[in-house]
Amino acid sequence: MRKPPPKEEALPIIKKAGFAVLVGRSNVGKSTLLNNLIGTKVAITSPKPQTTRQMIHGVLHDPRGQIVFVDTPGVFEKSHDGMTEHLNRTAREALRDIDVIVYVADPTRSIGNEEHIALRLLDNSNAYKILAINKTDLQQTPFLPSFEALRDRFSVVLRVSGLRAQGLKPLIDAVFAALPEHEPIYPEYQFTNLENRAWVAELIREKVFIQMHEEIPYTATVEVHELERRENGVFYIKASILTNAERYRGMIIGAGGQKIKEIGMATRKELSQIFDTKVFLDLTVEVDEHWLDRMNDLQ
Ligand SMILES: Nc1nc2c(ncn2[C@@H]2O[C@H](COP(=O)(O)OP(=O)(O)OP(=O)(O)O)[C@@H](O)[C@H]2O)c(=O)[nH]1
Ligand SMILES: [Mg+2]
């Protein structure tokens with residue numbers, strides 16, 4: 001007797017997977033776009049430049065396969081300080097061995113020297129290049145035509161709004177079209193490469209960026225020492241904000257402890273909504289002049 005042909009559903013389904021790196025100038029909206037592509041807050045955002053300091057993976061799971069979007073620090077022109085050098089280097093390194101580049105542009109800002117520095121990142125890459133012109137929800141996008149004119153450097157040009165989650169489907173489709181067939185890179189339940197502690201540290205750092213002005217956010221980092229769900233269901237977090245000098249420490253604490261209280265309150269509010277439980281946050285501010293050196297050593 002002849003064997004019946006294999007049932008169609010028994011055939012292995014070949015899916016796609018790969019890395020799509022979001023690059024561009026600082027503040028163009030890469031991290032906001034990443035979060036809305038994934039549908040979860042994996043990266044912090046702020047109206048200030050140089051918010052993102054490390055590569056952050058956001059994993060999109062889809063019937064077609066898996067896209068690992070990689071958020072990168074924005075390219076910044078002023079490069080005399082250690083932080084900017086670290087950020088620009090991280091953005092450059094993120095472009096090694098990847099499948100797709102999503103170059104994010106902000107049409108409210110002109111194509112100046114810094115944009116050209118950022119565009120140069122594309123030059124030696126064989127990756128499939130997509131130009132995502134962001135912030136198209138805004139009325140004032142005076143430099144839109146000059147970005148459209150970059151068309152020849154890219155395989156696809158798309159208009160999106162990361163903030164309003166507009167134009168994301170064509171972007172995801174364009175990335176999938178360019179990805180190779182590949183095994184999934186992350187397990188199905190995982191959305192980011194950041195561990196919980198690192199992610200909570202980032203959330204606290206975001207509040208520092210939002211609450212503090214001038215150079216203060218750039219003098220600070222956050223370390224989470226303990227993170228556990230206690231028997232009563234409460235999330236217990238012990239963390240410190242590290243800053244370069246005593247005077248900055250005083251400013252982050254604020255008169256009568258007002259600033260640190262606001263940073264703590266905003267963090268607790270967000271985390272208790274995400275975890276759907278009470279959050280206890282023990283947050284201190286400490287002087288540590290070497291945090292930036294340690295970050296650079298990680299490279
Ligand atoms: N109107 C509008 N604002 C946006 C959009 N996307 C981002 N923004 C705003 O732009 C600012 C910067 O956003 P981020 O996502 O932090 O930008 P980034 O490119 O990751 O910045 P760096 O990490 O510093 O390089 C924030 O105030 C966002 O709310 C958008 O589509 N429309
Ligand atoms: Mg960012």
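Which residues of helix H5 are buried? Let me start there. This is a predicted model, where local features need pLDDT of at least 70, side-chain atom pairs count only at pLDDT 80 or more, and totals for chains, interfaces and linings use all residues. Residues are numbered from 1 along each chain as its sequence is written, while chains are lettered from A and ligands numbered from 1 in the order in which they are written.

So, H5. The helix spans residues 168-178, and its buried residues are Leu171, Val175, Phe176 and Ala178. They sit on the same side of H5, because they cover an arc of only 165 degrees around the axis. That arc is taken from the directions from the helix axis to the C-beta atoms. Buried means 20 or more other C-beta atoms within 10 Å of the residue's own, with C-beta atoms placed from the backbone. Helices (H or I, at least four residues) and strands (E, at least two) are DSSP runs, numbered from the N terminus.

What covers that side? The cover includes strands S1 (16-23), S3 (65-71), S4 (100-105), S5 (128-133) and S6 (156-159). Contact here means C-beta atoms, placed from the backbone, within 7 Å.

Next, the ligand. Around ligand 1 there are 23 residues, and Gly29, Ser31, Thr52, Gly74 and Leu163 come nearest. The cut-off is a C-beta atom, placed from the backbone, within 6 Å. By class, the shell has 6 nonpolar, 14 polar and 3 charged residues.

Pairing requires at least two DSSP bridges between two strands.

S7 (residues 220-229) and S8 (residues 235-243) run antiparallel, joined by 9 bridges. Valine 222 has isoleucine 241 as its bridge partner in S8. Glutamate 228 stands opposite tyrosine 236. In the hairpin, 5 residues lie between the strands, and glycine 233 takes a positive phi near 90 degrees.

On the other pairing, S8 and S9 (residues 279-287) run parallel, again with 9 bridges. Tyrosine 236 turns up here too, with phenylalanine 280 as its bridge partner in S9.

Last, a helix on this sheet.

Conventions:
A residue is buried if 20 or more other C-beta atoms lie within 10 Å of its own, exposed if 12 or fewer, and partly exposed in between; C-beta atoms are placed from the backbone. Two residues are in contact if their C-beta atoms, placed from the backbone, lie within 7 Å. Ala, Val, Leu, Ile, Met, Phe, Trp, Tyr, Cys and Pro count as nonpolar, Asp, Glu, Lys and Arg as charged, and the others, Gly among them, as polar.
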